[in-house]
Amino acid sequence: MTDNHRPDEPDPTPVASPVEEAYSVEKPIDLSQKSYSQGQLVRRRFFRHKGAMVSLFVLVFITGMAFTSIGYGIIPSWWDKTFYDAGATVDGGRPTLQLWPFQIGEHPFGQDTIGKDYFALTMRGTQRSLIVAFTVGLLSTVLGTIVGAAAGFYRGWVEAILMRVTDLFIIIPLLVLAAVLGKMAGGGIWSLALVLSLVSWTGLARLVRGEVLSLREREFVTAAEAIGTGSGRVIFKHILPNTIGTIIVSATLTIATTILLESALSFLNFGVRPPDTSLGLLISTYQNAFLTRPWLFWWPGLMILGIALSVNFLGDGLRDAFDPRQNRTAD
Amino acid sequence: MTTTTQSDSGQPVYTGSGTPTGDEEVVLGFSDVDVRFKTEFGSVHAVKGVDLKVRPGEVVALVGESGSGKSVTSMTAMRLLPRNATIGGQVDVAGKEVGRLKEASMRRLRGNDVAMVFQEPMTALNPVLTVGTQVVESMELHGVARGASAWKRAIELLGMVGIPEPERQMKKYPHELSGGQRQRVVIAIAISCDPKVIIADEPTTALDVTVQADILDLLRSLKDKLNTGILLITHNMGVVADMADRVAVMFKGEIVERGTVEEVLLHPNHDYTKMLLGSVPRMGHGRGQMGISVKEEVDADAPLAIELKNLVIEYQRLGKAPFRAVDDVSFDVRQGEIVGLVGESGSGKSTIGRCALGLIPAASGEFQLLGQNITGMKRGDLKPLRKRIGVIFQDPAASLNPRLPIGECIAEPLVVHKVGDRKSRQDKVYELLDAVQLPREVYNRYPHEVSGGQRQRISVARALTLDPELLVADEPTSALDVSVQARVLKIFSDLQEQFGFACLFISHDLAVIDLLAHKVVVLQNGRVVEAGPRQQIMENPQEDYTQRLIAAAPVPDPLEQGRRRRERHELLREQGEEIVELKVDGEQFHQSSQAEVVDVEDVEDVDGTDGPTSR
Amino acid sequence: MLQFILRRIAISALIMFLGSILLYVLMINSGDPLADLRESRAENREQLMQARIDNMGLDEPWWQRYLGWLTGVSRCFVLQCDLGTTRDGASVNALLLASAGASLRLVTVATFLAIFIGVTLGVLSAIRQYSGFDYAITFGAFLFFSLPVFWAAVLLKDFGAIRFNNWMADPAVSTTATAVVALVFALAVASLLGGSLRRQLVTGLVTFAVVFGVVFAFDQVTWWVQPALGLPLILIGALGALGFMLVMTVGLANRRILYAGLVTIGLGLVSYFVTGPLLEDPANWWVIFALAGATVLVGLAVGWVMGGYERRTAMVVSVGTALGMAFLVFMDRLLRGWAGFLDMAPGGRPIGTIGENRIIPERFTGDFWEGIFNWGVQLVLPTIVLTLISIAAYSRYTRGSMLETINQDYIRTARSKGLSDRVVFTKHALRNALIPITTIVAFDFASLLGGAVITETIFGWRGLGAMFRQGLEFVDPNPVMAYYLVAGGAAVLMNMLADIAYASLDPRIRR
């Protein structure tokens, strides 16, 4: 260790003198290290989140199965049975899926009361439910972001309307309004997705509004306004990119709630209606077969639970990634 | 365990006279204290073998900049560090070794033998409990008084620390008191059980300068009258000079210099101490400190950059009369001139700054900005004017968009006002980065990758992108450490000299204003108290308020500060104001705080499972 | 504060009004109200159609129909409500009276249970962050959050009603089942109390032994068929309540308040015998409420007399102890009614899979206690379904809010005074942490009302949910609007309670 204090020197000048560098509380910028943007940091944290990764895998697996097994549009099918053809009932329609020794068998999820392959039916239902959920997730996120950002930035009547609509949902349960609209929509999945989007955007809009309100007070936004930046640029360049975490997390959770909402509506006969099918409708149809053919009840229920659970865990992982404040420290 | 830094810093300098010898009474002693934090990025060595002792009736100041480990050191005495901390060495409080105590005994020690005064009076008190409940609490807990008698004693305590109408305040909630009063409540809580030592962690940092002086007077009378030992943790050398008997300077977890306050502040030995003291702008020393210079002559005929005539700014309030934040203010700023806008919190200084940026409309009066009246001007018309104005804000953490690379942040004004093309913008940014002494490579970095002072330099660069005629700087260095502040101020003054822009410099720090400004405007409660050339205001203030304000700012020289303190007390007496002190006789106080109730044995003896691990 | 609440009520009234227009218009456009008759082959088809058109006013424009409904409703202000008729001409007023009670009971019980249990679990898991208990609660919350209500309800109907009834025919708990129950309790308690590994092991073993012993003993005395608490258990429970109250306030060491609590228990013992005959078969609920009121008064008096300079705390502890003991006495009486109810239940199967009462009230002959079981057993399963899902939300929010609060500066101040964790959490952290929770109560209540529609369907209740569902199916606006009025009114009331709680917790908005 060297003794580098020189008592005879005049007062050290503050700018960039060697002494100042040595005793600066500021870390010098380490230019050798790789630079990470906020987005890259979030991605890194997200991919290290074990729970979220498992959930992502489950979700991708279920989605993949639902769309490839019985096919969708141009996606070819690899499962040799369809969800509308009834076949001969084998072994009382019991599922042939077995874990040990592993076998898939003829009808892995069993057959329904008239001999339709239940795996194909469940996959069809999952497919329909996923389409509705993701469409609603996308549409309501777009709608909620626009309304929330406008309400938070311009205040005024947009905000007043948003707050009153939110109040409305405290008084009319979401399910009730959705049921009325669902009945009007007439049972097709696309019209159902559309009306569900109309009732699902308020939560996200409220969150975005709150975030925008607090961001507006941040000094970098004030600074941008002070140099004469236009509102559009302030919103899209400075405010919205900083709310991306809230938006993505909230969109994920909207997907989870929509899965549950759609299946509940279909269960009540106000959602997807025959001849099409969805997971909720399957449960509704076979709830009375519970004592005789329990698998008709279990499979669609477990599908809903699996999707909702993995989407919720995914949302939690995203929240942790975007908000490292809540990150678990070594304990 | 290591006690030396890895860097090439100098050897620790222990000239330390005045350190207690072996047989003297010590109320708080740290020996070889070492703290490490386990984090997700590995272990952080926050405190590296600190030795320090505090006698009864003595103030020992632990000085250092952010990250020096001074607060962490003090928290080891309370054993209140987070669970991921590992503590080594030995801490003694009132003769008991803290590390060996069971959790229940430790709780009996806290508040009773050692009490704390925290930095932020706004958040240190529980917002949903009344002041009375919070004062009574620790007396009841430690058996000093119970029930009605505790309530009575709490009223006495509030009276002692100088809170008017204490009985009424007892039923109030913290948000109904001012910052200074809240800090007095915190002090009342701290002395309620007559502790042997008080740890004051930046007790005046969040307060206005006149309130700071009062609180320091109060703390000083504590040690004089009650013979309490005080460990004062601070970054402010003026506070040290005002309060401390002995000083220890901390840097990166180590004490690098210690001694009596005169030794350390007047004859520093260690380079770090010297640099630190050299970075503090001193009241009354005026120009030329720290190598900072400003061009003195301002062209008297230069056009006005800002001209305020009877400006009034109001905030609308729901269901109440609007609040008048700025009331009938007139002053002007010439081209090339730096005008310091000084005032305490609530004086309306920042509001005027925001009005100058066109962010808040004026209620009445005239605001001439670069020759145009902006009151009632439309947003669109304001834009060409904004091109000629730059702005710097206070908070380095919030003033840059975290999602934009630094280069884009600086180039933003060029993009907004459509100046130049891609290449010329990039060249301009490089030029500015050179000017604020940052490497050009930070162009593609993000704000979270650089530190506070560097971010503030980026803010300066952004403000100067369009070569503005006027710069509005709202407390640009208040959130920075002194050494960092010195560097930013130096860069700022160099650039001002070079570009000659006019500047509205808003600050609460009179010494900084003294260093930079040509003209000073003193504000109080939205009104101008006094305005004039720097020399006149700083050296010969006429108004009572200005005199008090200047007298209250401490200087980092114990002898000079002692003189200034006496002068301030005289001034207060002349003006008919009260000098704050503890209103009680020491003997009487000690007797009344003897435990009335016999200390009951704690039955729930959790053996140290909640505290940090000790080794 | 009054102004704040009045403002909120005014806004709610306006929203109720606007919402009613929206819902009415959507309702009458949601389908064809004559659909079933158009396909009908009945001879008097035209006549039936005409009757329905007259009943529903289908020949009027929409605004006239709405105004007609609104006029009828607005007469509620002079206590002469007219909610219109169904499509068949039945009075909606009568329909509503028959269905509202059970539904509101279900939703209210579920809400308060969910708030109480959810907040408690949230606080506990925040205090024991990253413990086994915390992980279990977190995972449970995610699971219940993702659970489809209707699916869970059908499952519960099978396991909770049908299998419970089967078990009740010959109730016996196997040793394995006993061990599993005891093990779950042991793990939960050990993880909750925390401490070193050795400590946790000891707590776990003790809990296991106690629970195992209790269940085993119950099984031996066929407690499941003839349950009762008995005086010893009541006394132990009352002492437990006293201990809990002391720990939550001043700690066990405070002799004076301890004695006040003991005196309260003594007085409770006396009144147990005095009020015995009265409780044999009380006339109605008012008797119970009057006794509860008397209990509170006695508790207050004891605290007042014995509290000395800590009068307020003493009164709180005495009242808490007294109410705890009174609740146990009540439960004792209630449990003694079980055997009688079992005899009464059709086929000896106590829980029905359908309906809001086990035996329809007109045919029911049992006493007061058996009467509680008659609707109580039917309430249990739907309540569990609704509560579980709400608990998930409350516990997550509370945990987050509590963790945020614990990091605040004033918590550090409280610790630096030497306060124990218990006081820091109960006195300083909890109140602050509860403030944000009050704002989610309103939203949660709305989703509970929605959930109730589904559970009522599955458990076959003739409640509000059924009224709504049928109205919507038949495109019959009046029953749906009646549902809206009651549900919306309940939501507004709940909202107001939440606002009052908010204002009383947070002094910053009080004035």
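What is the mean pLDDT of chain B, and what share of its residues reach 70 or more? The mean is 83, and 92% of the residues of chain B reach that level; pLDDT is the predictor's confidence in each residue, on a scale from 0 to 100. This is a predicted model, in which local features need pLDDT of at least 70 and side-chain atom pairs count only at pLDDT 80 or more, while totals for chains, interfaces and linings use all residues. Residues are numbered from 1 along each chain as its sequence is written, and chains are lettered from A and ligands numbered from 1 in the order in which they are written.

Two stretches of chain B call for some care. Over residues 1-11 of chain B pLDDT stays under 50, and the model has 22 contacts for them beyond four places in sequence. Residues 597-615 of chain B also stay under 50, with 34 such contacts. Here two residues are in contact if their C-beta atoms, placed from the backbone, lie within 7 Å. Where pLDDT is low, the predicted coordinates should not be read in detail.

Let us stay with chain B and look at its overall build. Its secondary structure comes to 22 helices and 21 strands, both taken as DSSP runs numbered from the N terminus (helices are H or I of at least four residues, strands E of at least two). The C-alpha atoms of chain B fill a box of roughly 75 × 55 × 45 Å along the principal axes.

Chain B is divided into domain 1 (3-278) and domain 2 (302-555), with bounds from an automatic or database domain assignment. The centres of these two domains of chain B, taken over C-alpha atoms, are 35 Å apart. Where they meet, 14 residues of domain 1 of chain B contact 12 residues of domain 2 of chain B. On the domain 1 side, α8 (209-226), α9 (237-243) and α11 (271-278) of chain B each supply at least two residues.

Now turn to chain C, which has 20 helices and zero strands. Its C-alpha trace spans about 80 × 60 × 45 Å along its principal axes, and 39% of its 511 residues count as buried. Chain C is divided into domain 1 (2-96 + 451-510), domain 2 (172-223) and domain 3 (228-335).

How many residues does each chain bring to the contact between chain C and chain B? Chain C gives 27 residues and chain B gives 31. On the side of chain C, α17 (409-416) and α18 (421-458) are the elements that give two or more residues, and α17(C) gives the most, with seven.

Finally, look inside. The largest nonpolar core has 366 residues, and those with the most contacts inside it are B:V240 and B:F505. Such a core is a set of buried Ala, Val, Leu, Ile, Met, Phe, Trp, Tyr and Cys residues joined through C-beta atoms within 7 Å. The largest share of this core, 17 residues, comes from α18(C). Leaving out residues up to four places away in sequence, the residues that B:F505 touches include B:I338, B:L341, B:A473 and B:L516. A second, separate core of 22 residues includes C:I257, C:V302, C:V317 and C:A326.

Note on methods
Buried ≥ 20, exposed ≤ 12 C-beta atoms within 10 Å, placed from the backbone.
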